[in-house]
Protein chains: 6
Amino acid sequence: MGITDRQEEMLGKTVAALSDQDNLHNVCHMRWRGEPLPSQQAVQEIIGLCRALIFPGFFGERDVNRFNITYHTGLYIEKLFAVLTNQITAGLCFNASCEGFDLQEVKHRAKEKAEEFISGLPELRRLLYTDVRATYLGDPAAESTEEVIYCYPAIRAIANYRIAHRLVRLGVPIIPRMISEQAHSETGIDIHPAATIGESFTIDHGTGVVVGATAIIGNNVKLYQGVTLGAKSFDTDEKNNPIKGIPRHPIIGDNVVIYSNTSILGRITVGANAVIGGNIWVTEDVAEGEKLVQAKANNILRFKQ
Amino acid sequence: MGITDRQEEMLGKTVAALSDQDNLHNVCHMRWRGEPLPSQQAVQEIIGLCRALIFPGFFGERDVNRFNITYHTGLYIEKLFAVLTNQITAGLCFNASCEGFDLQEVKHRAKEKAEEFISGLPELRRLLYTDVRATYLGDPAAESTEEVIYCYPAIRAIANYRIAHRLVRLGVPIIPRMISEQAHSETGIDIHPAATIGESFTIDHGTGVVVGATAIIGNNVKLYQGVTLGAKSFDTDEKNNPIKGIPRHPIIGDNVVIYSNTSILGRITVGANAVIGGNIWVTEDVAEGEKLVQAKANNILRFKQ
Amino acid sequence: MGITDRQEEMLGKTVAALSDQDNLHNVCHMRWRGEPLPSQQAVQEIIGLCRALIFPGFFGERDVNRFNITYHTGLYIEKLFAVLTNQITAGLCFNASCEGFDLQEVKHRAKEKAEEFISGLPELRRLLYTDVRATYLGDPAAESTEEVIYCYPAIRAIANYRIAHRLVRLGVPIIPRMISEQAHSETGIDIHPAATIGESFTIDHGTGVVVGATAIIGNNVKLYQGVTLGAKSFDTDEKNNPIKGIPRHPIIGDNVVIYSNTSILGRITVGANAVIGGNIWVTEDVAEGEKLVQAKANNILRFKQ
Amino acid sequence: MGITDRQEEMLGKTVAALSDQDNLHNVCHMRWRGEPLPSQQAVQEIIGLCRALIFPGFFGERDVNRFNITYHTGLYIEKLFAVLTNQITAGLCFNASCEGFDLQEVKHRAKEKAEEFISGLPELRRLLYTDVRATYLGDPAAESTEEVIYCYPAIRAIANYRIAHRLVRLGVPIIPRMISEQAHSETGIDIHPAATIGESFTIDHGTGVVVGATAIIGNNVKLYQGVTLGAKSFDTDEKNNPIKGIPRHPIIGDNVVIYSNTSILGRITVGANAVIGGNIWVTEDVAEGEKLVQAKANNILRFKQ
Amino acid sequence: MGITDRQEEMLGKTVAALSDQDNLHNVCHMRWRGEPLPSQQAVQEIIGLCRALIFPGFFGERDVNRFNITYHTGLYIEKLFAVLTNQITAGLCFNASCEGFDLQEVKHRAKEKAEEFISGLPELRRLLYTDVRATYLGDPAAESTEEVIYCYPAIRAIANYRIAHRLVRLGVPIIPRMISEQAHSETGIDIHPAATIGESFTIDHGTGVVVGATAIIGNNVKLYQGVTLGAKSFDTDEKNNPIKGIPRHPIIGDNVVIYSNTSILGRITVGANAVIGGNIWVTEDVAEGEKLVQAKANNILRFKQ
Amino acid sequence: MGITDRQEEMLGKTVAALSDQDNLHNVCHMRWRGEPLPSQQAVQEIIGLCRALIFPGFFGERDVNRFNITYHTGLYIEKLFAVLTNQITAGLCFNASCEGFDLQEVKHRAKEKAEEFISGLPELRRLLYTDVRATYLGDPAAESTEEVIYCYPAIRAIANYRIAHRLVRLGVPIIPRMISEQAHSETGIDIHPAATIGESFTIDHGTGVVVGATAIIGNNVKLYQGVTLGAKSFDTDEKNNPIKGIPRHPIIGDNVVIYSNTSILGRITVGANAVIGGNIWVTEDVAEGEKLVQAKANNILRFKQ
């Protein structure tokens, strides 16, 4: 059928409008100096390499054995060092102004951060195994820790969180958020990489869980699906912009369990060993060992149809 | 090990049963005349091209610069015109009866719709940037609008909604639903493409959000995760089939905020500037500027363990 | 820039630490004898083949017609038989101890299970079509059963459940869980493959739905997004490990509707024709035909701002 | 390091020069009306499908068996029909002037030609098997006809020739030449698709063999590597352009053998059963049963060093 | 445009004809018992792995360094062991009759042959480096041995020959021929894998070179493009089939040079240090140190035009 | 079946032997400093981009039209600039000693060379079109210049030569040889990139053609398949190594035609307008306008069988 002259003209005009420098302001990520750019695909590769290094055979090359484990590990480590250095560099450049920018120096810093991250991988494995074990013990449907590693979305989300959190601690911008959003998309679990979470952490089912950026979670805590550890409100400055960096999410003590679809909001404290029932809305401190449940009697009306 | 004669026979029988024309009735999407078919992959390509055209460098080819921006834009536009024409044609054929069907005429109409869609892309960019800006201003954890575009699932879901909604307005069947379901799968946010949504719309975290087909949302509205703008019930006809097309979802005024896991149900109106707290169930009108919260006192029982 | 001697040394040390046999204990899935391993990718292929066989033209090769339907079906069946046999074998080996393990015998058993699964495909198609029809009738926004098959995440999740459940019935370990987790990731709907679900089942929107392993659901049941059919608590043995296999999830009668974000917890019974409103927490039996709703009056506080 | 302004300017100028419409004249293959274009990749697919249909299991899907042979054949045939129709259409458009061109009519003719080609596939298989058998009998190093089909470049070159020749007979432009050039590149054997070649044809080793467009070869002929059946000269018209279509290559009778690196040039006749030795230059008729060899005695000087 | 009923009928008939068991006899490679089949792609992988192991950094992963050389080598070796075992098994099955065939036993033998092949790789590297060095010394245009390894087709052809020849010595059918034909296609050099060739072998340019199955070549021999070491004729048995396995190609002594397009035919001997000029046809023994050239004076006629 | 301990040990030993630093000497291309390496794949991309820029629509994206030609050209140019700069850098590093090596400076020089190459593309197009036209006029079987560009291997080989030759002139090592070897493999035509060739050059069929590094060819020359323009011998230094860079190949005047399988050897001169017949061996000067043919009478013996 072909294209008419009128259509060709319209297409040409739209190209011009969308490519116009003024129109591009704010919505375009434009580079001209060869800096690496953060890449969703590279971030996915970083996640894949970390998972394969921490849980070999479960992730990455499945055919791991006594003969080849060192070879695979060696090549994964080298690849991770390269991709991570590149993405950390990209992260450091992401919001940077172009003035007085020394790319060689940034790359150098990125390499040091990547190095420090990699040297922490054995500790990351130890930590994640505490989460695996807690998940296994907390779910009667789990038949083995192998099944937990292989099939439980919570482990993927927590693994991404722990990877991303280390990068936050190393002062890497943007990349940690990309890592946590990939877990969010994959599992429906949204843990901000700046949150602080102890050992033996577990989440059941998980869809809809939200853990805010300034939340602090102790050891051996268990969340069910739909739990929010959120902010109640946030302060704004004189221009009505939100003020960044103020603690606004809860502190959860050791051994706390929070059931499904409950929201804990604001900089409150939930004491150790507390148990918080499902579908409730908590905005005030909970004492150590306290137990909260929905007041069913008042809450449901029953009709005979 | 091979396959036994008995297994071969069983396989053959199953092939026959599954290929049987009667058995295929209703579950098979069969074509013989060369019409294009809606394709999940092509729809994904349409989404990718639109995102790349609206937010160049963030989506699509990352290495956008002053030299190549026009070239990339030109090729994306041409590709989009082709794929979109094809998928709109497929959409127009999807439910059509074969009788009296003029494929050339359908293609011609599809091309006109694609043309109109493309000429609206600059406006779509303007609109989406209002959403980006609202998201940035509404989240203390967001460090820049760039981070919002790159990492926030809400932006992906809203972009898909706005793309799909334009196609609904152009009278394109099925394709808009495929676009919104891809966002639903990617982000857990389910916005029906027929809903009407104003400027500066934002969703925080987002997993579990549902916006129904006849919902109307004003400007500058913010939803949190798990919010449902749903139907309370729906009418059925004499055969007990649901009656299509009746307004059954809420109308939300400008500047409304709705907190997490709340459901607003039925054709009610929430007045401008209202604030609706989390975890509640609203089935009656809310006045302008009104504030609703869960009645905590009655709602939670606290025990010392 | 290259790599320094110090960095090379650090990388080497990390490789050694991560490859160390003791350190690998529990976190590594190691094989040396050529058994097949469960593979996420192969499981995805199994899902894709089943969907293409049950709903030809909607899934798999889209260009299905009268001439080629038998050819496609034949090759899909053969491929499915091979991949499924392989993954069932992998599943049977997954938790098996290596002692006294006869791989040929396991393969033989796997082939028999695959055979039985495949011979049940026509019945699986019939069953899934009842779900499609129920979904179409239950949603005023659905324009055709074709749209339901093509676009509704619930159909994908239920299809995966029904596939996985058959494998559970055939005694296949791990693979069913992988199948249901792929649907969970794709749709946010988490149905345990061991659950028992009747005909004409439907889920609206679906994000956040959880159906536990011992739940029993009758015919013609409808769930909305965020509904949990969960356990209230679980028994632990003397070592504080959860006791596996005890019925701990609800029994839902025929024709029940459960609205969004409601949790039904524990081994309770919801009688036939009951209707359970949204956002509530149910831990006690519901009688036949009973209707439960949130007690709004007590539940919400309204303020004029 | 980035790019300088001067470099950017030079790149821009070169883009303009290479895109200039006048400069593009003759060297650009430009379309705007949606006709299909001949495609090297599609032609490769046609070759692959024909080989797979003629020699199943050796080419195409290797895992052919009693259960799936019909399914594979059915899908290959359908695919071939589509791709071939498309490429024949492209061929018919290739040199066509745009005036008075009816694309629908051309597609219709293309489909008829593709149909005729496909209905001749069983005969093509019979013919090619005579070549396979002749090759096996003519080479002491060949261990089976299976090895000949699998490994002998001559069979690939002859298969491409026979496929291309049928298309020439059906009046298809350009596509046959693309098919023969793919064999030329793969095997070093250059047989013009317009040449006429009898049954039981074979070529040993083959690199450097050339068979011209108007050559006629009888049954049971064998060529060795480097043999040319070429033109001695060609007539030119008043503008010094070569006159197309005049017979200018040799006629080779049945059962002739021509040894390596010999050239037979011009419209001469080599009688049946002749044997022509290697490394010679023949420009005059050879009688039936005659034997030609290089006159060694006169031809080589021997020195003791 | 669609397809007519007549076309559908014709396609169906052709499918039936091509799938007919009788028609398939001889031209179909059909399996039903799960034996591996020789695969052109797997053979290409074997070649690629061998080249990468012998010349690391030049072939295979280019980014080889002190840190990763062992890791790459380990994984290449493991991969080669698996693929080679599989293809040797396929080769052993290729011509085998199905009666009394024990696949497990064949796999066991294949594994032993693969093992022996791999243990010979260091020697293969040594041998090939003598060829590289001879090539470098014999070509004034070569600037380094690195260039020779990277760019000279002769090295690829000789590498494939040496790999294939070892497999011939280990009694592997068909696979060696596939390896040599891949070099033939890539380089135009056709060396039969059963030929015997000494150290420091080199070929200049190479297109059109043919070395027959029973040829024997000493050390330090150099061939130019178009040289044939062929058979003069071959004996046939009473049924006129060629008799397999009789020595019929020349024996070439150490340090011989043979210039372009010359053919040496039959079981003759060319003595050490002989030099044979280009474009000649040699069918009789050549003495040690003898020099043969074309008798130019008698051979060329010169005209003034 | 698994692997035995003995096999595992053998594999381990072979890994060690092949990875041993001493053993790797000369056969390994090892880098540690991040320099780019010449890459066959990148070189293939360079060739593809140049062909697509020079003959748009015939190579590269086939769907070129008035709307998109500038966009495609712009992106191809940018890509070519990047890949070429990278490979020129790799070429400059290829043989360089590591001492005193300034990678930034090398990259800078590479970028300048790439820039100069690209600015010469319009001239390269002009030149190649003279070759296309000469080929069309010289072959009665060619039906259009379009067919020549699309199907004639000579055009691919000459295009690669002209690309490679420009890089030689710009002082780029190794990359030009890789480019010419890719044409050699694809077409069987081996033109050394350092040779000097005039306008309107053409080769018929081409397999086996060799043009040496110091050959000089005038305008409007035509070669047939199997023609060698080679060296007669070469001088060696006191260590018996060939002396590099001495003129040793022929000088061919304007309008010369050389027929198939003829060799012209040594630094001789073939005068303008000479015609040299096939299958001959020329080692002495040929005068302007002279015609040489094989002395048939003396050369062939004829027998009646």
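Author: A rotation of 120° with 0.0 Å of shift along its axis brings chain C onto chain B, with an RMSD of 0.0 Å. The model is predicted.

Reader: What makes this rotation of chain C onto chain B the relation of a three-fold axis?

Author: The rotation is 120° and the shift along the axis is 0.0 Å. Therefore the relation is that of a three-fold axis. The copies use different surfaces, though: 15% of the contact residues of chain C recur in chain B.

Reader: How many residues of chain C are in contact with chain D, and of what classes are they?

Author: Six residues of chain C are in contact with six of chain D. The chain C side has three nonpolar, two polar and one charged residues.

Reader: Now helix α3 of chain B. How do you know that its span is close to the expected one?

Author: α3(B) covers residues 40–54, which is 15 residues. The expected span is 1.5 Å times one less than the number of residues. That gives 21 Å, and the first and last C-alpha atoms of α3(B) are 21 Å apart.

Reader: Which residues of α3(B) are called buried, and on what ground?

Author: Buried takes 20 or more other C-beta atoms within 10 Å. In α3(B), Val43(B), Ile46(B), Ile47(B) and Leu49(B) are buried.

Reader: What covers the buried residues of α3(B)?

Author: The cover includes α1 (5–19) of chain A. From chain B it includes α4 (69–94), α6 (121–138), α8 (153–169) and α9 (175–187).

Reader: Why is Asn279(B) called buried, while Asn255(B) is called partly exposed?

Author: The cut-off for buried is 20 or more C-beta neighbours, and for exposed 12 or fewer. Asn279(B) has 25 inside 10 Å, so Asn279(B) counts as buried. Asn255(B) has 18 within 10 Å, so Asn255(B) is partly exposed.

Reader: What is the phi of each of these two residues, and where do they lie?

Author: Phi of Asn255(B) is near 65°. Asn279(B) has a phi of about 60°. Both values are positive, and neither residue is a glycine. Most residues other than glycine have a negative phi. Asn255(B) is in the loop between β8 (251–252) and β9 (257–258) of chain B. Asn279(B) is in the loop between β12 (275–276) and β13 (281–282) of chain B.

Reader: On to chain D. What makes β2 and β11 the edge strands of its sheet?

Author: Four strands form an open sheet in the order β2-β5-β8-β11 of chain D, with parallel pairing. β2 (196–197) and β11 (269–270) of chain D each pair on one side only. These are the edge strands.

Reader: How do you know that β5 and β8 of chain D pair?

Author: Pairing takes at least two bridges. β5 (216–217) and β8 (251–252) of chain D have two bridges, in the parallel sense. Ile217(D) stands opposite Ile252(D) in β8(D).

Reader: Which domains does chain A have, and how many residues of each take part in their contact?

Author: The domain assignment gives domain 1 (33–188) and domain 2 (195–305) of chain A. Their C-alpha centres lie 27 Å apart. The contact takes 15 residues from domain 1 of chain A and twelve from domain 2 of chain A. On the domain 1 side, the largest share, seven residues, comes from α6(A). By class, that side divides into seven nonpolar, five polar and three charged residues.

Definitions and conventions. Residues numbered from 1 in each chain as written. Chains lettered and ligands numbered in written order. Predicted model: local features only at pLDDT ≥ 70, side-chain atom pairs only at ≥ 80, totals over all residues. Contact = placed C-beta atoms within 7 Å. Least-squares fit on C-alpha atoms with pLDDT ≥ 70 in both. Nonpolar A, V, L, I, M, F, W, Y, C, P; charged D, E, K, R; others polar. Domains from an automatic or database assignment.
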